[in-house]
Every structure is written in C-alpha cells, then in structure tokens.
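The questions below ask on what grounds each label is applied, and each answer sets a value against its definition.

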Amino acid sequence: MDFALNDEQQMLQESARRFFADHHPLARARKALPFSAPEQQRLWADMAGMGWMALLAPESMDGLGLGLTEACLVAEAAGGQLLNLPWASSAVLVPLWVKAAGKNAPEALQSLLSGILAGERAVHCVDAGDRLWNFAAQCTDTVVVRGLNDASQPLQVAIVPAAPAPAPAPAPAAGLDPTLRQELPPRAANALDWLDLGAIDEKDREHARSAWRLMQCAELVGVAQAALLLGAGYAAERVQFGKPIGSYQAIKHQLANAWMAVDNARLALWYATAALDGGLPDASFACAAAEFTAIEGAQLTTRTVIQVHGGMGFTWEHDAHLFLKRAQLLAIRLGGASGALSRVEALALA
C-alpha cells in the first residue's frame, strides 16, 4: 500500500494546519470559550466554509464524498492546536449515520446535519452511560447515544440542546483537561426522547463507530506531533554545560523514541482509514492496532516532553502540560491502552 499523500491530500493537510495555527492557537485553547462566544461561532462557521463538515456527508445533502484519510488529516491538525469544538462527532459520526440510514434517517437527525453543514450547529455525541459530558456549553446540541459502545443494544439517539454558558463565562473548570468544559448529565436517560436508528445495518453501524474513534486517534497523533515539536525545539535551545541539552544522549534518545512512536501511530492510522474505506478484510484489526499505537504514542511522547522541559513542564502555565492532559483525556475516552491492546489480542487470536 502506498502511504504517500497525493497532491490534493497534501494541500488539505497544509491548509488545515495553517488554519488552526492561525485561528485556534494554544492561547485561545486555554480560554475554553463557550459556543456562545462570537469568536467560537465564527471559527465553526469558517470550518464549515472550508468544507470540513461536508467531507463525509451524503451527496444528497451536498456532501463532498471524500474518504476517512482526508478527514483524519483535518482531525490531526485540530488535535495539534487542542481544538475545543466537537468536530469529530459533527463531521464524522452524524453524517455517516445519516448517510447509512438514507431516506429512513429521522427528520430530526437530518435537520441536525443540515445545521452542521451550514456551520450553525455544533454537535457532540456521548454514550448514554457516560458520567461526564465533554464540550459542555461548547456545542449547540448533545446527542446521547444508546448502543454506541455496545453493539448488542439497539442504536438510538436523543438530541439534547446544550445549556448556554452563564454570563459572564466562568473560568475553565479544573478538570483533567482545562481546555474542555465538562458537566454532569443534566437529565436521566429514561427522561429523554429517543429516536430509533434501526434502519442502519450492523455493518454500517460499526463502520461509523470505527471511523469516529479513528478521528480521535488522529487527534492523538496531532497532540503528540505538536508536543514533540515543542520538546525538540526546547532541547535545541536550552543550553547546559555549554551545549544544547538535546546533544546529550539522555535527551536525544528519548526524543528519537518519541518520534518513532508518533510515526508508527500515524502510519497505523492511515492504513486503518484506507482499510475501513476500502472494506478490507483486516479493517477491524487495523482499527484496533491504530487505537493502540495512537494511545501509546501520544502518552509516551507527551510524558517525554514533560521530562525534557524539567520542572516547568509540570506546571499548568506551560503548554507541555496541556498536551499531556489532552492525550490522557482522549486515551480514557477510547478505553485506554490496555483496552485497545486487549482488542488487538482478541482479533489476532480469533
């Protein structure tokens, strides 16, 4: 398989990196702005204007009909700047559900996707069993899903409008990742109005779920890549005993291992997206392997960068700590490295 990006994919990758670096720098991520903030709404509308909400949307709704590899390039760029808007749910999971359900998709879900494509609605999907909801007040709607992580359950969704952030906006919560707002579920699951997505067959349901999880893996790769650049830059500038600290084996070998981890994770991710798009027989194994390498790579890299920066890397004031916490948050949402490794082992032995 050829892992080289074609000209169009390289242009998409470069434009996404430049866009997020210009419009969502880490200083802005630290503010954890609610969606009610005009700058957040403008950013979301601009992302829609770039066509990033329509990458996987059905052609009947003016979707672009591109593949998961293109989507993961955008997700990686977003992860590198710690984007605090729910792109993966809005641009991947919801469009793939509507595409799979076709004309049988609930009208409410189609309306939701229309709003997403117009850049007016930002949607985050959570499992009905989640104890904390991410992107609280940083989205317009939360889609609560039954059967998201348990294929034995019927696939059902309930759309819950997000509560607006109180004015003035509170300081970012002191949670695991201060760039993302979290809240407790406002209502019990049995108090919600559920929509049945039974028109989506088992294969399409698993495809959408796997694609959504791969986007979070892509964010992990972006987090790791950005942290690595931060650490390498510091190692080249910080001088100790008359030499840059990066010239000492204790530093450069750790950074070299981190570089290998990021590269392995990115290649595993690209193969998994191609396998899922192409319906290859080993797609499930490729997705599980991509999750494990992304989690392991991001955790190794962000921890290494903390060590390279010494004591100041442990402080909230330094960006290295933000990368570490975002990597930890995404890893937990994906079930952790041990869970991913268990899936790899189970599929390898099946």
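Q: How do you know where the feature "domain: Acyl-CoA dehydrogenase/oxidase C-terminal" lies?
A: The position comes from UniProt, where an unreviewed entry places this feature at residues 213-335; UniProt positions are given in the numbering used here, feature names are shortened, and annotations may be inferred rather than shown by experiment. The model itself is predicted, so local features need pLDDT of at least 70 and side-chain atom pairs count only at pLDDT 80 or more, while totals for chains, interfaces and linings use all residues. Residues are numbered from 1 along each chain as its sequence is written, and side-chain values use heavy atoms, with hydrogens and water left out.

Q: What is the helix and strand content of residues 213-335?
A: Helices (H or I, at least four residues) and strands (E, at least two) are DSSP runs, numbered from the N terminus, and the span is 78% helix and 3% strand, with its end C-alpha atoms 11 Å apart. For residues 6-80, which UniProt (unreviewed entry) gives as "domain: Acyl-CoA dehydrogenase/oxidase N-terminal", the values are 64% helix and 0% strand, with the end C-alpha atoms 22 Å apart.

Q: Why is the pair Arg326 and Asp177 called a salt bridge?
A: The term requires a side-chain nitrogen of Lys or Arg within 4 Å of a carboxyl oxygen of Asp or Glu; the N to O distance here is 2.5 Å, so the pair qualifies. Between domain 1 (7-196) and domain 2 (202-349), whose bounds come from an automatic or database domain assignment, the count is 4 salt bridges.

Q: Which elements give two or more residues to the side of domain 1 that touches domain 2?
A: They are helix 2 (26-31), helix 4 (68-80) and helix 5 (87-101), and the largest share, 9 residues, comes from helix 4.

Q: How many residues of domain 1 and domain 2 are in contact?
A: With contact taken as heavy atoms within 4.5 Å, 43 residues of domain 1 touch 34 residues of domain 2. The buried area, meaning the accessible area (1.4 Å probe) that two parts lose on being put together, summed over both, is about 3,200 Å², and carbon and sulfur atoms give 63% of this.

Q: What makes Arg17 and Glu76 a link between parts apart in sequence?
A: Their side chains meet in a salt bridge at 3.9 Å, N to O. Arg17 lies in helix 1 (residues 7-23) and Glu76 in helix 4, so the pair ties together parts that are 59 residues apart in sequence.
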